[in-house]
Amino acid sequence: MSSKDGVGGGGGDEAPPEQLALIRESVRRSRAPRAKPRTWRGAALAGELPVARVLVDKGVLHLDRYFDYAVPEELDEQAQPGVRVRVRFGAGRGRVREGRREGGGLIDGFIVERRAESDYSGPLAALAQVVSPEPVLGAELLRLARAVADRYAGSLADVLQLAVPPRSARAERRPSPEPLPPPQAPDAGSWARYENGGAYLEALASGGAPRAVWNALPGPLWSEEIARAVAATLASGRGALVVVPDGRAAARVDGALTALLGEGRHALLTADSGPEKRYAQWLAVRRGSVRAVVGTRAAMFAPVRDLGLVAVWDDGDDSHSEPHAPQPHARDVLLLRATLDRCAFLLGGFGCTVEAAQLVENGWARPLVAGREQVRRAAPLVRTVGDEDLARDEAARAARLPTLAWQAAREGLRHGPVLVQVPRRGYTPRMACAHCRAPARCRHCSGPLEGQDGGVLRCGWCGRDESAWHCPECGGFRLRAQVVGARRTAEELGRAFPAVPVRTSGREHLLDTVPGTPALVVSTPGAEPVAEGGYAAALLLDGWAMLVRPDLRAGEDALRRWMAAGALVRPQGEGGTVVVVAEPTLRPVQALVRWDPVGHAVRELAERAELGFPPVSRMAAVSGPPAAVTEFLTAVEMPSDAEVLGPVPVPPAPPGRPRRAGAPPPGEHWERALVRVPPGSGAALASALKTAQAARMARGSGEPVRVRIDPPDIG
DNA sequence: AGCACGCCGACT
DNA sequence: GTCGGCGTGCTC
C-alpha cells in the first residue's frame, strides 16, 4: 500500500470493487427475506446472475457450506463457476468506517455457482477479486470432493486442498498442447493369459464400464497390461486414470504407456516434479489436452475429462492412504469416482486385499484372474523353512542363514541375481522372547524393548530400563534380537559369497533395476529392484517377524510383500525359487506356497465378517484427551446400530519419528475409542461424527478430538 | 478461529 | 448515565 491510499480513504474510481458503500441501517431494519444485491450503493452489479455462490477455503467443519457474494459488473465475465476468487470473510456484521464496510480479511475460495438470487437474508459483500479466469473446480470434481468429504466426515475445503493444486500463474499462461485423436484399440496382448482378459479390454474399447478386481500374474507384464487397459479406454473416446503407490511404479506404467501410445497422450502426475510443472500437467488434463493420467495418490483427484476408467495398482500399499485430512484412501476415492461417473474400475495387484475380495464378494466388481495353469506357468517355486527345520539346522544357528536358503542362494547365483528380502528395522518390535517369539514389551507402556550396549533393556517409547524381563506369554526369560538389518545381512552374505557382488536397496538408497548377472541384492520390502530377466531366486528372511505385528493386516501385508518380491523371480519352469523363512502352517505362508492371494483374502474376509471387523463393518476412531473423548462420544447422535469400543489409552508415539495424527503430543495422555457400525450404516456414522465435530469446533469448547474414518492400524 | 454484540455490575 | 467485563454466536 502506498501512503497516498491511506489518507482520506476516498479511493474514488480506483477503489477495489469490494469497498463499495453499504447502507447498513436500512438493511438491518428491513431484514428482507431475499437479499437483493442492490443493497450496495453505487455498486454496478452483473446484469445476469449477480450472485456468486462461493466455497470459502477454510477447512473448519462449521464453515463447510457455501456463502453468497455479489458479483460486480467488472468481474461479471471472469467470475464463472469453478474459478478461484478472493473474498472478504470476517466476523459479525463488519465494522463500518468512513462509510465503507470492512469485513474480515481476504481469503481464498472457489465459485461453485452463479445464481439470480441469494437465499441469504442479509446484505451481500462483493467478490473482492477473481484470482484467475481458469475454471479449476468443475462440476464433476466438486461432486467428487463432496462425496469424499461426506464419506470421511471431513470438510469440503480440506478435500479441495488435496484435489486442486496451488496456482502457478506462469503455468496457466502456457497454452496446453492440442489434444491428439483417440488411438486405435490395442490387441489383448498378455491379457490373453487371463480368463476374461480379452473381454475386459473389449468392453473398455467399446465404451463399457466393467468393474474388475484383477489378480496379476507374477512377472513384469503388469505395467504393460495397465497400459493396454488405458489405451482401450482412450480408443473409446474416453479418458483414463491410473493411481500407483510410488514413483517407481508410476515410471513403469509411464514407460509402458509411452511404448504403446507414444508421447503426448498421457500425463505423469507425481510428487517428483516441481509445483509449476505439476500444475501445468494438471491443467493440461483439466483442459482436455491430455486424456490419460498415471500418478501417485494425489492423482486420484485428477480432473480427467469424460472419465472412462479408473485403475489402482497394489491397493494394500499404505502410501495409497493420504496423510492429510480427511485422510482418504485412493482405492475408495476411485471407487466413488467409478460410481459417480459410471466408469470402468480396475483394482490390480500381485496380492489381494480384503477390501478387494469384498468388492467381488458383494458383487460390485468381478474377478479378473488367470487359470491355475497360467499361475503355475508364471510363478516361482516356493519353499518354506519353519521352526522345526531351524531347530534341526545347526548351520542356521551359527550363520543365521538356514541351510535351505543357503543352498537356494548358491544354486541361484549360478544363473543370475538373487534377491534377499529383509524386514525393515523398526518395522517390527526389536526384541522377542527367544522361546515363543512374542515381542518383548515394556511393562509400563507396552513400548518395544531394545537392547542396550551394556546388556540392559530399555523401552523405546518411555525410556524406562528393564532389568528383570520375563515373557508374559510363556514365562521364558531369554531374549533374542528379532530382526537383523539389511546392512548386517549384506555384510554376512558378502563374507559367505566372497566372489559375488552384494548390492543393497532400501529407503535411503533405492535401486531401480539390477543387471541379470549373478549378484546378491539385499532389499527391504517395497524397495526391491527389478532384475533384468528376473531373479534366479529370492530369500525372504525373518518372515515370522512380519507376522507378529499386533495388526489386523499383519498376515495380509506380509503375504503382499512376499508376493511382490516373488513376482520379480523367474517362473518355476526357468528355475525360479523362493525360500521363505516362516512357519509353513501359517495361513499367509500357505497362500504364498500355493500362490493363491485371492483364496487368502476370501478366508480373511469371512473371518472379519464373523468378528465384526472392517471392512465388513465400518469403523471410526475418536482420539484425544480422555475427558474430551468421553464428552464427544456422549454428544454424538450415533446411528442406533453403532457400537462404541473402548476408549483405551493410546501409546505415546515412538520418539524420533514424526508424530502421526491420532497419537498424543509428547507428555500428554490420550485415549482412543473405536465406533463400529454394520455394513450400510457407514454414511450415517460419518455424518453423525461430522455434525458433532462441527458443533464442537463452533463452540470452541474443550480440547480437540481427532476423528478418523477407516483407521488403518486397529490392533 | 477471530471478532462484534449485548447484558450485567461499578464507576464519573 | 456509560464504561467495559466476558459469554454467545456469526461469518455471505
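1. A polar contact is a pair of N or O atoms within 3.5 Å; within protein, one atom must be able to donate a hydrogen and the other to accept it, and residues adjacent in sequence count only if both atoms are side-chain atoms. By that criterion, an N or O atom in the side chain of Tyr120 is 2.7 Å from a phosphate oxygen of DNA strand C.

2. The model is predicted: local features need pLDDT of at least 70 and side-chain atom pairs count only at pLDDT 80 or more, while totals for chains, interfaces and linings use all residues. Residues are numbered from 1 along each chain as its sequence is written, chains are lettered from A and ligands numbered from 1 in the order in which they are written, and side-chain values use heavy atoms, with hydrogens and water left out.

3. DNA strand C is surrounded by 15 residues, and the closest are Arg65, Asp68, Gly90, Tyr120 and Ala125; near means that a heavy atom of the residue lies within 4 Å. Of the atoms of DNA strand C that come within 4 Å of the protein, 55% belong to sugar and phosphate. The base side is represented by Asp68, which has a backbone N or O atom 2.5 Å from a base oxygen of DNA strand C. Tyr69 has a polar side-chain atom 3.3 Å from a phosphate oxygen of DNA strand C.

4. The surface near DNA strand C has 8 nonpolar, 3 polar and 4 charged residues. In this scheme Ala, Val, Leu, Ile, Met, Phe, Trp, Tyr, Cys and Pro are nonpolar, Asp, Glu, Lys and Arg are charged, and the others, Gly among them, are polar. Strand E2 (residues 66–70) gives the most to this surface, with 3 residues. Strands (E, at least two residues) and helices (H or I, at least four) are DSSP runs, numbered from the N terminus.

5. E2 also belongs to an open sheet of 5 strands, in the order E2-E1-E6-E3-E7 with antiparallel pairing; two strands pair if DSSP finds at least two bridges between them. E2 and strand E7 (127–132) stand at the edges with a single partner strand each, so one side of each has no neighbour in the sheet. Neighbouring strands of this sheet are turned by 45° against each other on average, direction ignored. Inside the sheet, strand E1 (residues 51–56) and strand E6 (residues 106–115) pair in the antiparallel sense over 6 bridges. Ala52 has Arg114 as its bridge partner in E6.

6. The loop between strand E12 (307–313) and helix H10 (330–340) holds Ser321, Pro326 and Gln327. The side chains of Ser321 and Arg708 are joined by a polar contact of 3.2 Å. Ser321 counts as buried at 18% relative accessibility, and Gln327 counts as buried at 12% (buried is under 20% relative accessible area, exposed over 50%, partly exposed in between, with a 1.4 Å probe and protein chains only).

7. Most residues other than glycine have a negative phi, and most peptide bonds are trans. The bond between Ala325 and Pro326 is cis, with omega about -5°. Gln327 has a positive phi of about 55°. Arg342, in the loop between H10 and strand E13 (344–349), has phi near 50° and counts as exposed at 70% relative accessibility.

8. The UniProt annotation "binding site", from an unreviewed entry, covers Cys442, Cys445, Cys459 and Cys462. Cys459 is in strand E19 (residues 457–459) and is buried, with a relative accessible area of 3%.

Conventions:
UniProt positions are given in the numbering used here, feature names are shortened, and annotations may be inferred rather than shown by experiment. Axes are lines fitted to C-alpha atoms, for helices over the stretch in contact, and angles run from 0 to 180 degrees between N-to-C directions.
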